[in-house]
Amino acid sequence: MRNRFFSGLLTAALVDPDLVLITADLGFGAVDDFAAARPGQFVNAGVAEQNMAGLAAGIALAGGRVFTYSIANFPTLRCLEQIRNDICYHHADVTVVAVGGGLAYGALGMSHHATEDLAIMRALPGMAVAAPGDPAEVDAVLSDLLAGGGPAYLRLGKTGERTLHTGGVSAPRGTSIPLGDVGGEVLLCSTGAILDATCDAAQLLRARGIRADVRSFPWLDPFDAVAVRQAAGEYEALVTVEEHSIVGGLGSAVAEVLAESAGGTPLIRIALPPTSSSVVGDQQYLRAAFELDAESISRRVRNHLEANRGLASQIR
């Protein structure tokens with residue numbers, strides 16, 4: 001995802017002299033090509049994320065189109081006041097880019113785990129929030145961000161994510177994307193780089209005779225409420241899967257839509273618990289530890305479906 005983002009950003013910068021990339025003293029290797037090709041459009045703000053956000057707002061208000069970039073929590077939580085007051089309040093054309101969403105930097109501990117970012121960014125007025133699920137979605141989301149501008153938040157995985165879409169992807173702001181067939185028993189809704197585990201879980205469910213479809217939500221704000229309402233009338237249950245706290249992310253967004261809609265479609269939320277974790281390890285290890293790997297997702301869905309069916313039979 002990271003490499004695809006920088007490739008697309010550099011392509012845009014080559015034809016747009018107003019596009020500026022600011023990094024907080026990291027990403028070298030990833031940002032080298034951009035800095036070499038467009039040194040006048042590249043700024044290293046140092047390990048000073050609050051300054052980076054304020055500088056980005058100033059450049060944007062002077063006519064620039066700015067992307068800030070850092071690891072996980074640092075370009076968001078460390079400078080939240082500047083994002084809220086300088087960028088959002090002034091409707092500045094700034095896209096805050098966080099690499100390593102969720103548990104991607106798992107071995108570095110909870111200071112590098114981005115597990116509340118989507119909830120916090122969703123709460124900011126005027127902030128578009130995107131979490132693409134694979135490199136193809138990165139291309140589609142970046143195209144929208146370049147055309148529509150900020151304020152915006154872009155949450156990326158790190159490196160090595162599988163491309164899950166078989167063809168070209170279109171993801172205008174506020175839309176979601178179905179993967180494969182539509183019309184099964186259960187719909188797995190995913191946001192961000194955990195889309196790969198979600199798709200694998202759907203295959204495991206199908207192998208056990210449960211017709212599971214997948215829909216990716218690369219946009220958390222604006223949110224595709226229409227797709228959720230439609231799915232609520234078509235599926236036996238909706239499942240949200242996210243590498244994020246269970247508070248405030250995709251599960252909350254879907255729950256908000258269902259709470260304001262008629263009907264009683266069950267919602268199964270699979271996410272991280274709202275607690276600080278002292279567990280460290282690589283991303284796959286942590287996903288398994290928090291039951292966010294494909295096998296655990298499949299098992300949790302099966303258990304919930306069996307419990308819901310049992311409850312329904314008792315009511316009847």
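**Exercise 1. Check the length of helix α3 in this predicted model: what span should its 13 residues have, and how far apart are its end C-alpha atoms?**

Solution. The expected span is 1.5 Å times one less than the number of residues. For the 13 residues of α3 this gives 18 Å.

**Exercise 2. Which residues of α3 are buried, and what do they pack against?**

Solution. Start with burial, which here requires a relative accessible area under 20%. The buried residues of α3 are E49, M52, A53, A56, A57 and A60. Next, look down the axis: these residues cover an arc of only 135 degrees, which puts them on the same side of α3. On the other side of α3, N51 and L61 are exposed. Then list the partners: the buried residues pack against β1, β3, α4 and β4. Finally, just after α3, G63 has a positive phi of about 115 degrees.

**Exercise 3. Give the strand order of the open sheet of 7 strands, and state why one side of β2 and of β10 is left without a neighbour in the sheet.**

Solution. The order is β2-β1-β3-β4-β6-β5-β10, and the pairing is mixed. β2 (42-44) and β10 (219-221) stand at the edges; each has a single partner strand, so one side of each lacks a neighbour in the sheet. From one strand to the next, the twist averages 20 degrees.

Strands β4 (residues 94-99) and β6 (residues 152-156) run parallel and are joined by 5 bridges. A98 stands opposite R155 in β6. Helix α6 (residues 135-148) packs on the sheet, where it touches β1, β3, β4, β5, β6 and β10. The direction of α6 makes about 140 degrees with that of β3.

**Exercise 4. In the largest nonpolar core, which residues touch the most other members?**

Solution. This core has 40 residues, and I83 and L238 touch the most other members. Elements that give two or more residues to the core include β1, α3, α4 (80-88), β4 and α9. For I83, contacts beyond four places in sequence are with P75, T76, C88, V96, M121, L124 and M127. A second, separate core has 38 residues, among them A13, L21, L142 and W219.

**Exercise 5. Is S252 buried or exposed?**

Solution. Locate S252 in helix α9 (residues 250-259). Its relative accessible area is 14%. Buried means under 20%, so S252 is buried. Beyond four places in sequence, S252 touches R122, I246, V247 and R269.

Technical notes
Residues are numbered from 1 along each chain as its sequence is written. This is a predicted model: local features need pLDDT of at least 70, side-chain atom pairs count only at pLDDT 80 or more; totals for chains, interfaces and linings use all residues. Side-chain values use heavy atoms; hydrogens and water are left out. Helices (H or I, at least four residues) and strands (E, at least two) are DSSP runs, numbered from the N terminus. Buried means under 20% relative accessible area, exposed over 50%, partly exposed in between (1.4 Å probe, protein chains only). Contact means heavy atoms within 4.5 Å. Two strands pair if DSSP finds at least two bridges between them. Axes are lines fitted to C-alpha atoms, for helices over the stretch in contact, and angles run from 0 to 180 degrees between N-to-C directions. A nonpolar core is a set of buried Ala, Val, Leu, Ile, Met, Phe, Trp, Tyr and Cys residues joined through side-chain atoms within 4.5 Å. The arc is that of the directions from the helix axis to the C-beta atoms.
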